[in-house]
Amino acid sequence: MASRDDRQLAELALAGDLDAYGELVERYQNAVMGVCVRVLGDRAGAEDAAQEVFLRAHQKLATFDRARPFGPWVKRVAVNFCLNVLAARTAEVELREEHDQAEGNAPLADPAQQALAGERAQVIQAAIAALPPNQRAVIELRHYHDLSYDLIAAELGRSLSDVKSDLFRARRALAQRLRGYLES
Amino acid sequence: MHPDDFDLDALLDGALHDEARLVLERHLATCAACAARLRDRQRLFALIESAPEAAPVQSLRAGVVAALQPKPATWPRWAWVVSALQATVSVALVAGSLMWIGPEVIDRQLGALTVFGLQTGWAGLQALLEAFLTSGQGLTRWLTSGSTVAPSGWVLALALGAAAIGLFGNGIWFALNWGKVRKP
């Protein structure tokens, strides 16, 4: 039996077919998890967040344009949800920023050493997770959702100059932390 | 003039106006050092964007579908309070009326029935029904005559009627919703 495409599944889900929606969850859970891990910066919270994202996406399914792919849409739902979570974590944000500033731009261990501890992908995720929340958010929206500076500013409710500044600082921090991979 | 990383990032992000982009591209075509720096930025961007999706520990599908299942009707907390108040008022109305009327009057009105001991069987029921009928006729006369003095018998009938409606209503509601209702 041919697998159903996203549009068919979304239409069935909208009609109340939970099994069809479950299939959409299965298809895009990794993508949504990726967003949650990158934006929230911690894996433990990311799984709970990912589940909540799919519940919210189901509530908003009527607003989904079925002529467009489901993946980017549900990832945007994930970004918005995670950004709201970040905004609510005010005290935690302050602590994390102090921690990150203390860490500074120290490069991670030599790639060869990191290969012993984990894969490159995990290193990159850890480097992104180590960024302050504002920088994490702009990196996510620019590099994983291909939004322009203006759209990022609108999405985050911040000024264009702040977005450019955070993006530049985030990239500089990542360049430092991933120097070993860039030079290898 | 050589561009800095900020300018190179803007070029890669597609954020430069046409004129600025053309000027920069002309420079990069003639400056090997700046071209090399652009390649470094491109490698950084590619490295950032190579961070993979993250798989959840276990599939989110089951949890999401379970959370979306329709739930049994829950009686809201206030409804429990109203129900309890209703039952209490009904009982209080009866007790208050009985005390106000006095056991001798009740005994006289209801014949075989007394406040502290009910006569069982058909005779007792007949007496009770007769008392209600008598009280109903008294109520009708009172309403039509415009008198403000209430016969004791119909006061008791009113109290018993209100209690019956209250308790009967509760009972019917629970019977209809048994199994569907759970306390919040």
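The side chains of Asp13(B) and Arg171(A) meet in a salt bridge with an N to O distance of 2.8 Å, where a salt bridge is a side-chain nitrogen of Lys or Arg within 4 Å of a carboxyl oxygen of Asp or Glu. Side chains of opposite charge can pair when their charged atoms come close. This is a predicted model, in which local features need pLDDT of at least 70 and side-chain atom pairs count only at pLDDT 80 or more, while totals for chains, interfaces and linings use all residues. Residues are numbered from 1 along each chain as its sequence is written, chains are lettered from A and ligands numbered from 1 in the order in which they are written, and side-chain values use heavy atoms, with hydrogens and water left out.

From this pair the reader can turn to the interface. Chain A and chain B bury about 3,300 Å² between them, 64% of it on carbon and sulfur atoms; buried area here is the accessible area (1.4 Å probe) that two parts lose on being put together, summed over both. The contact, meaning heavy atoms within 4.5 Å, takes 42 residues from chain A and 31 residues from chain B. Across the interface of chain A and chain B the rule finds five salt bridges. On the side of chain A that touches chain B, the elements that give two or more residues are α2, α3 (43-59), α7 (120-129), α8, α10 (160-177) and α11 (179-183) of chain A, the helices being DSSP runs (H or I, at least four residues) numbered from the N terminus. Of these, α2(A) gives the most, with 14 residues.

Asp19(A) counts as partly exposed at 48% relative accessibility, on a scale where buried means under 20% relative accessible area, exposed over 50%, and partly exposed in between (1.4 Å probe, protein chains only). In the same helix α2, Arg27(A) and Glu23(A) lie four residues apart, about one turn of the helix, and their side chains meet in a salt bridge at 3.4 Å, N to O.

Within chain B, Asp5(B) and Arg37(B) form a salt bridge at 3.3 Å, N to O. Asp5(B) lies in helix α1 (residues 5-12) and Arg37(B) in helix α3 (residues 32-49), so the pair ties together parts that are 32 residues apart in sequence. Asp5(B) is partly exposed, with a relative accessible area of 27%, and Arg37(B) is likewise partly exposed, with 27%. Salt bridges that share partners join Arg142(A), Asp146(A), Arg171(A), Asp5(B), Asp9(B), Asp13(B), Arg37(B) and Arg41(B) into one network. Over all chains, the count comes to 20 salt bridges.

Most residues other than glycine have a negative phi. Phi of Asp146(A), however, is near 55°, a positive value. Asp146(A) is found in the loop between α8 (133-144) and α9 (149-156) of chain A, and is exposed, with a relative accessible area of 59%.

A last stop is on chain B, where Phe168(B) is found in helix α8 (residues 152-177) and is exposed, with a relative accessible area of 57%.
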